[in-house]
Amino acid sequence: MSKKRGLSLDEKRKRIMDIFFDTKDFFQLKEIEKIASKEKGINAMVVKEIVQGLVDDNMVDTERIGTSNYFWAFPSKAMNTNKAKLQDLKNNMETYEKRKGQLENDIMEAKSTRKDTEERTKLLKDLAEKESLSQKLKTELDGYKECDPEVLEKMVEETKIAHEAANRWTDNIFSIKSWCTKNFGVEEKAIDKYFGIPEDFDYLE
């Protein structure tokens, strides 16, 4: 019999947010701990840390009234926070797409002259890092699937654009290799070795 998997941090955060969204009420920390423990399956000992994390991420509001701290969150606030985060991600993706385009031009120029091997290696490494970041941004975008349909549709479209851009760059690399093979009679394996292109270099699925 398999051991029951515990809740992840994201799942705990979501369940805490559900307490606010379902009731649209104000709570003291002890009230949240009680509800989280009895109704959401979250150990009361970790609730304070999770709530503070949500406050730090601007997902939950808090204010001291008299001698007590009160916490609250409304769906509209969470939606606006997600939209702002999404816009930041989109801006980052646009910046890295422009950088990848510049790197592509630099690599093509470098390969045409067949000079500065260390510079080519640096450019390839830099581009690989940008592709990794692009994938990381895509994964982060996927974490906002619970947003409203309009925001979700925009996220999917932006992810598709980033994915297509990465594959266009990959296609250009294959075209350059083919051109070098035809014009210089060099085998593709030799080109890969000379320019530091990994054996598993391929299109993104």
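1. Strand 1 and strand 3 (residues 68–72) pair over 2 bridges in the antiparallel sense, where strands are DSSP runs of E of at least two residues, helices are runs of H or I of at least four, both numbered from the N terminus, and pairing needs at least two DSSP bridges between two strands. Within this pairing, glutamine 28 stands opposite tyrosine 70 of strand 3.

2. The model is a predicted one, in which local features need pLDDT of at least 70 and side-chain atom pairs count only at pLDDT 80 or more, while totals for chains, interfaces and linings use all residues. Residues are numbered from 1 along each chain as its sequence is written, and side-chain values use heavy atoms, with hydrogens and water left out.

3. The open sheet has 3 strands in the order 1-3-2, with antiparallel pairing. Its edge strands are strand 1 (27–28) and strand 2 (61–65), each of which pairs on one side only.

4. The whole structure holds 3 aromatic pairs (rings of Phe, Tyr and Trp, the last by its six-membered ring, with centres within 6.5 Å; planes under 30 degrees apart are stacked, over 60 edge-to-face, the rest tilted). Phenylalanine 20 and phenylalanine 27 form an edge-to-face pair, 5.9 Å centre to centre with 65 degrees between the planes. Phenylalanine 20 counts as buried because its relative accessibility is 0% (buried is under 20% relative accessible area, exposed over 50%, partly exposed in between, with a 1.4 Å probe and protein chains only).

5. Lysine 100, in helix 4 (residues 75–113), also counts as buried, at 5% relative accessibility.
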